[in-house]
Amino acid sequence: MASSSSSLLFSPFVLALTVSIFISLFPTHSALTCSTQKLSSNHTFANCTDLPTLGATLHYTYNDTTRAISVAYSATPPENGWVAWGINPTGGKMVGTQALVAFKNQDKVQVQLSNISSYGPITATDSLSVATSAVSGEEANGVITIFATVILPEKTDVNITQVWQVGPVVSGRPAKHGSTQDNLNAFAKLSVETTAIGGANSTTGGGNSTAPAPSAAGEKSGGVSLVASGLGFVLMMLLSLITM
């Protein structure tokens with residue numbers, strides 16, 4: 001019986017199935033990091049943070065006198081896909097986000113404004129509820145970066161949320177993003193109090209300095225817990241085969 005179990009355990013089918021499950025546990029997004037990413041020489045920022053999902057980064061500089069936050073959001077989209085970053089002034093998740101959505105259009109990066117009012121299609125709008133300027137985008141080595149300056153709301157008692165995302169482009173238009181844990185957890189409180197310039201709480205850093213990564217509400221180590229539970233499943237499956 002043990003011999004037949006061993007043969008089953010190491011059969012091509014079981015091994016292929018195990019490897020496939022194991023690989024599927026890991027995110028497919030190429031992880032960018034503040035320490036290795038290089039922006040265009042004409043863009044510098046005081047801080048950078050590695051966002052907790054989708055392998056994305058956010059370079060930023062905040063001016064607490066004008067409440068202006070200048071950002072460079074970078075992520076790797078699906079092939080020929082889109083990336084997006086925005087803020088939700090009400091502190092919610094996706095719905096209500098004032099977003100910047102970027103994708104390649106005829107070899108150029110196009111950045112459109114979008115007021116995410118539902119879970120339906122992503123549509124372009126002429127303006128957002130938050131003042132936005134200096135909007136542009138660029139692509140290098142498969143990574144799309146969105147540059148912009150956003151004026152944050154005057155009321156600071158609301159927990160402003162930053163939301164980021166990646167997704168496919170279908171027929172030349174941004175389509176619905178995926179529903180993996182990485183996608184669903186792509187939001188976090190936008191905290192700028194310790195990264196301001198031009199005011200009493202001024203702290204600045206070099207272009208590659210890293211601020212503490214924001215933690216998303218309800219997120220518990222993101223993909224780490226997913227990998228841990230998935231590995232447990234694989235181990236239990238292998239154990240059951242051995243003891244057959």
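Both Cys-34 and Cys-48 are buried. In this predicted model, the two residues form a disulfide, with their sulfur atoms 2.1 Å apart. The structure holds one disulfide. The link of Cys-34 and Cys-48 is left-handed, with -75° about the S-S bond. Cys-34 lies in the loop between α2 (12-24) and β1 (47-50), whereas Cys-48 belongs to strand β1, so the pair ties together parts that are 14 residues apart in sequence.

**The chain as a whole**

The chain contains four helices and 13 strands. Of its 244 residues, 41% count as buried. The accessible surface comes to about 13,100 Å², and carbon and sulfur atoms contribute 58% of this area. Among contacts in the chain with a separation of 6 or more, 60% are between residues 24 or more positions apart.

**The five-stranded sheet**

Five strands form an open sheet in the order β6-β5-β4-β9-β12, with antiparallel pairing. Strands β6 (108-115) and β12 (187-189) stand at the edges; each has a single partner strand, so one side of each is left without a neighbour in the sheet. From one strand to the next, the twist averages 15°.

| Strand pair | Bridges | Direction |
|---|---|---|
| β4 and β5 (residues 98-105) | Six bridges | antiparallel |
| β4 and β9 (residues 161-167) | Seven bridges | antiparallel |
| β5 and β6 | Eight bridges | antiparallel |

Val-83 stands opposite Ala-102 in β5. Asn-88 has Thr-161 as its bridge partner in β9.

**Strand β4**

Strand β4 comprises residues 82-88 and is mostly covered, as seven of its seven residues are buried. In a regular strand, side chains alternate between the two faces of the sheet. Both faces of β4 are covered. On one side are Trp-82, Ala-84, Gly-86 and Asn-88, and on the other are Val-83, Trp-85 and Ile-87; all of these residues are buried.

Notes
Residues are numbered from 1 along each chain as its sequence is written. This is a predicted model: local features need pLDDT of at least 70, side-chain atom pairs count only at pLDDT 80 or more; totals for chains, interfaces and linings use all residues. Side-chain values use heavy atoms; hydrogens and water are left out. Buried means under 20% relative accessible area, exposed over 50%, partly exposed in between (1.4 Å probe, protein chains only). Helices (H or I, at least four residues) and strands (E, at least two) are DSSP runs, numbered from the N terminus. Two strands pair if DSSP finds at least two bridges between them. Contact means heavy atoms within 4.5 Å. Accessible areas come from the Shrake-Rupley method with a 1.4 Å probe; for residues, only the protein chains shown count as cover. A disulfide is a pair of cysteine sulfur atoms within 2.5 Å. Axes are lines fitted to C-alpha atoms, for helices over the stretch in contact, and angles run from 0 to 180 degrees between N-to-C directions.
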